[in-house]
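Here is a short briefing on aromatic rings and helix packing. Look over the sequence and the model first.

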Amino acid sequence: KSSARRLLFGVAAAIASLEMSALTQTQIGWNSYEAAGIISREQLEMLYCYDKQPIATQVALFMQRGEAYVELFVVILQNVNKDETVQYVLALLDDALIAKPELGLYWHELLRNSGAEVDPFAPVMRLLGRTNSFILEKAALVLGRLLSLKVHTLGMEVEEVSESDEVTQRHLLTFTEWIFHQLNSAHSLELSQCPKLHYALSAMMALLVSDQGRYAVMQCDGLAVITQMLARATAAMHDGMSPSTVQLLYQLVFCLWCLSFNKKIADLMATGELKVISQLVAVANSVSKEKVSRVCLMTLKNLLGHGSGHANDQMVQAGIMKVLGSLHGRKWADEDIAHDVEELQAKLELDVASLSTYDVYKAEILSGSLEWSRSHKSPKFWKDNVAKFSEGGYTLVATLVSVVKSESVAPCALAVACHDLGCFIQWHPDGRKIVSSMGAKAPLMQLLTHSDAQVQKHALSTTQKLMVMNWELLSK
């Protein structure tokens with residue numbers, strides 16, 4: 001828990017520091033807003049007391065007159081359009097909410113105590129339509145922090161829903177829909193090319209710290225969207241691990257980690273349909289950045305035992321023990337990571353013993369992470385298990401064919417897929433017919449000119465078995 005808490009507040013502090021050095025030097029002419037009738041004399045005095053003070057002093061002032069300060073900042077955001085002022089106020093609010101998240105409850109209290117006549121969320125919601133990048137990012141973060149605090153009625157049973165609850169729920173749903181619109185419409189996963197993607201993910205990270213935020217995200221089919229984006233980001237790793245890709249992976253896995261604190265959602269993550277666990281293992285295996293490793297391991301640890309133990313089986317089948325063995329030998333700045341590795345190893349050892357060789361092979365093929373493990377070249381494995389390949393209408397064979405058809409697969413995986421198709425033809429009585437019916441011949445022949453020698457070798461062997469009626473003649 002200590003590691004999770006440090007991680008959460010470390011993320012918040014890192015986000016808050018963005019562009020703040022320049023903003024802190026800004027001098028806002030608050031008196032001009034009093035002269036224009038936007039704020040009262042009393043509110044001007046409140047600003048003078050608050051502005052440029054240490055964060056501890058600002059928090060103390062806010063706690064003394066919470067609703068009054070909310071009303072003050074709401075009035076400014078509602079009536080002032082100048083970018084510089086809006087940026088400054090948003091930065092003040094974000095700083096305060098990071099230092100003491102409970103301050104956000106004053107927004108909810110003002111809404112409730114006014115009988116929903118004063119809507120303190122509306123001015124910030126409107127800022128989501130601005131084009132200024134700093135305003136957009138800070139508004140999204142502030143809303144994420146505010147809307148994560150109230151126990152909303154969404155997805156929960158309550159005896160009575162007040163008008164203020166309905167207003168808050170409406171804002172929560174609208175905000176969550178805005179987040180997923182940015183995610184679904186992102187034309188690139190590069191954060192520099194699509195900054196709104198980064199803003200939306202950062203806002204979702206803030207929103208998901210509570211169950212009400214998690215329910216709202218699930219209402220938008222959030223788990224599926226996040227895992228689909230993670231799959232795209234994982235595929236992009238083959239083209240190189242840019243800092244942008246690492247940050248995106250971190251944000252996506254962080255969101256999964258937050259979701260995994262809810263038992264029902266964790267059980268859904270453990271079903272295997274979305275391949276959440278296999279993706280987490282793949283990221284933990286491929287990304288050396290400590291913050292990514294840490295959040296991957298914490299998510300996997302949260303999922304242990306979920307789905308009636310199915311989560312554990314998926315971890316083992318995805319090759320987590322090999323990954324953990326590799327991570328065990330590393331030196332970590334955060335000692336909690338080493339403890340997480342040891343805990344996962346200890347709890348999964350019994351599951352390893354209960355899995356059959358075929359279960360492990362099947363999981364490997366379905367994960368798409370093909371390597372030269374012992375089963376591939378074992379005649380005994382193929383003789384004992386080839387009949388099981390008929391499961392699901394020959395799903396494993398179809399998966400192998402899809403691998404050889406892909407243009408973005410690593411040479412090792414291509415070579416293994418070619419080899420295994422050849423073994424299936426060799427050991428299954430209808431292997432040649434089944435593989436041919438799936439359209440494997442053309443892609444196999446294209447691989448004969450592949451730049452990798454091992455791919456050429458296994459593509460040639462399998463093509464020969466596919467084309468020669470009695471393939472055993474090839475070995476004579």
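Which residues in α10 meet which residues in α11? Leu136, Ala140, Leu143, Gly144 and Leu147 in α10 meet Thr168, His171, Leu172, Phe175 and Trp178 in α11, where contact means heavy atoms within 4.5 Å. This is a predicted model: local features need pLDDT of at least 70, side-chain atom pairs count only at pLDDT 80 or more, and totals for chains, interfaces and linings use all residues. Residues are numbered from 1 along each chain as its sequence is written, and side-chain values use heavy atoms, with hydrogens and water left out.

**Helix packing**
- Helices (H or I, at least four residues) are DSSP runs, numbered from the N terminus.
- The axes of helix α10 (residues 133-147) and α11 come within 11 Å and cross at roughly 135 degrees. Axes are lines fitted to C-alpha atoms, for helices over the stretch in contact, and angles run from 0 to 180 degrees between N-to-C directions.

**Aromatic pairs**
- Rings of Phe, Tyr and Trp (its six-membered ring) pair if their centres lie within 6.5 Å; planes under 30 degrees apart count as stacked, over 60 as edge-to-face and the rest as tilted.
- The count comes to 22 aromatic pairs.
- One of them, Phe175 with Trp178, is stacked, at 6.2 Å centre to centre and 5 degrees between the planes.
- Phe175 and Trp178 both belong to helix α11 (residues 163-184), three residues apart, about one turn of the helix.
- Ring pairs also join Tyr358, Tyr361, Phe381, Trp382, Phe389, Tyr394 and Phe424 into a cluster.

**Charges over rings**
- A charge sits over a ring if NZ of Lys or CZ of Arg is within 6 Å of the ring centre and within 35 degrees of the ring normal.
- The charged end of Lys291 sits over the ring of Tyr250, 4.6 Å from its centre.
- The charged end of Lys377 sits over the ring of Trp372, 4.4 Å from its centre.

Notes: Helix = DSSP H or I, 4+ residues; strand = E, 2+ residues; numbered from the N terminus.
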